[in-house]
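Biologist: I would like to learn how to read helix packing and aromatic pairs in a model. Please take me through it step by step.

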Amino acid sequence: MGGRYNRPNYSTYLNDEPMPDAASEKEQGNEYFKQKKFAEAIECYSRSIALSPTAVSFANRAMAYLKLRRFEEAENDCTEALNLDDRYVKAYSRRITARKGLGKLKEAMDDAEFAVSVDANNPELRKQYSEIKALLMEKMSKRSSVQAKHTISEFDKAGDRKDITSHPPTGPQKDSFMEVDSPGRAAAGIREFAGGASKGGSGVSLKDNMLQSRDAKQKPGPEISVQDLASRAASRYISSTVKSVKTPKTAYDFEVSWRAISDDPAQQIQLLKSIPPESLPEIFKNALSSAFLIDIVKCTASIFRDDVALAVNILDNLTKVSRFDLIIMCLSPMHKSELRKVWGQTFLVETASRDQVEALKRLQAKYVQGGWHDDMFALS
């Protein structure tokens, strides 16, 4: 009976051609990329990702997409890479390029600022930061310039609808430069000043009035160009838009939002309160820096005064962040001093319950080397 079925020897096929794996597919993709065969490289990176998704494979495929000017796919792949490793500088650099290509200058600027904070000595990142900043300023300047011209045009139209010289200035009005005019009259006066004479039938020149008044009352001040006004407006726009924050889901989101409101402690408190304490380990993963840890503890001290339970919960979950013990051990003397000062001056036990005091005793051993004296926890 066995002879009726000729079963193929699968082991022969397996031995003849090894099964592909994620690493070999990625390496093959790199080879295609070097040969400028970007479509083939994308196929290899895609197979590598399907077998075992890594930040490097997503970032490499993003680079191939960039070469084909497929900016949206490149942006998406960079985001996937950063979801896996939110400190991967190459992914930030490539997402900056993709967002620049998509015209998302504000988002590109956020990436550039964060990436430079992660790797301040990277010349490529600093170059990208300068380029995006210049493009953003240029865009805002153009927008402000258009708005300024539109405003002047509206004033000009308003001036055309009024006859401003039907009643010539007499007596004190003629010599006074403090007379308040409507916007329409002011715009028309400026236009006629440039043209040489007013339209009225009185024979009195508005140009002469303005010149006499200027000479009699004040010296002309420095002129402000439309470009200067536009630049100021652009700066105000950037500073205002950067303050629009949302509840962060990654360490990158947190740092961008935190920096944007660095001058507003009240907003920082609200941002920290918006994050469920239990999600802090997942948000920061292995990306919590010592400087941000100190900032968060200081902010938590402010929360402690109004909501002891929430503050203790935040402090507890921060200790569950990856490498927390290493961060504490490697704190600089200045940061250690700041941490000890915040704990010693703010986390006062008379506002805490017995359970919370016990939790603080347990947490102090993790945060402050040397611990606390027991009398600090004596209930009154």
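Biologist: Are α4 and α5 roughly parallel or roughly antiparallel to each other?

Modeller: Some background comes before the case. Two packed helices are described by the angle between their axes and the distance between the axes. This is a predicted model. In it, the axes of helix α4 (residues 55-67) and helix α5 (residues 71-84) cross at roughly 165 degrees and come within 8 Å. Angles over 145 degrees count as roughly antiparallel, and α4 and α5 are therefore roughly antiparallel to each other. Their crossing is left-handed.

Biologist: Which residues make the contact of α4 with α5?

Modeller: On the α4 side they are A55, F58, A59, R61, A62, Y65 and L66. From α5 come F71, E73, A74, D77, C78, E80, A81 and L84. By type, the residues of this contact divide into 11 nonpolar and four charged, with no polar ones.

Biologist: How many residues of helix α13 are buried?

Modeller: Helix α13 (residues 251-260) is mostly covered, with seven of its 10 residues buried. Those buried residues are A251, Y252, F254, E255, S257, W258 and A260.

Biologist: Which helices do the buried residues of α13 pack against?

Modeller: They pack against α6 (89-101), α7 (105-118), α14 (265-273), α15 (280-284) and α16 (290-304).

Biologist: Now the rings. How many aromatic pairs does the structure hold?

Modeller: There are eight aromatic pairs in the structure. One of them joins F33 and F38, edge-to-face, at 5.2 Å centre to centre with 65 degrees between the planes. F33 has 21% relative accessibility and counts as partly exposed, whereas F38, at 15%, counts as buried.

Biologist: Why is the pair of F254 and F292 edge-to-face?

Modeller: Planes over 60 degrees apart count as edge-to-face. The planes of F254 and F292 stand at 70 degrees and the ring centres are 6.2 Å apart, so this pair is edge-to-face. F254 lies in helix α13 and F292 in helix α16, so the pair ties together parts that are 38 residues apart in sequence.

Biologist: Are F254 and F292 buried or exposed?

Modeller: F254 counts as buried, at 0% relative accessibility. F292 also counts as buried, at 8%.

Biologist: Which residues do ring pairs link into a cluster?

Modeller: The cluster is made of F254, W258, F284 and F292.

Conventions
Residues are numbered from 1 along each chain as its sequence is written. This is a predicted model: local features need pLDDT of at least 70, side-chain atom pairs count only at pLDDT 80 or more; totals for chains, interfaces and linings use all residues. Side-chain values use heavy atoms; hydrogens and water are left out. Axes are lines fitted to C-alpha atoms, for helices over the stretch in contact, and angles run from 0 to 180 degrees between N-to-C directions. Helices (H or I, at least four residues) and strands (E, at least two) are DSSP runs, numbered from the N terminus. Angles under 35 degrees count as roughly parallel, over 145 as roughly antiparallel, 65 to 115 as roughly perpendicular and the rest as oblique. A crossing is left-handed if the near helix is turned anticlockwise from the far one by less than a right angle, and right-handed if clockwise. Contact means heavy atoms within 4.5 Å. Ala, Val, Leu, Ile, Met, Phe, Trp, Tyr, Cys and Pro count as nonpolar, Asp, Glu, Lys and Arg as charged, and the others, Gly among them, as polar. Buried means under 20% relative accessible area, exposed over 50%, partly exposed in between (1.4 Å probe, protein chains only). Rings of Phe, Tyr and Trp (its six-membered ring) pair if their centres lie within 6.5 Å; planes under 30 degrees apart count as stacked, over 60 as edge-to-face and the rest as tilted.
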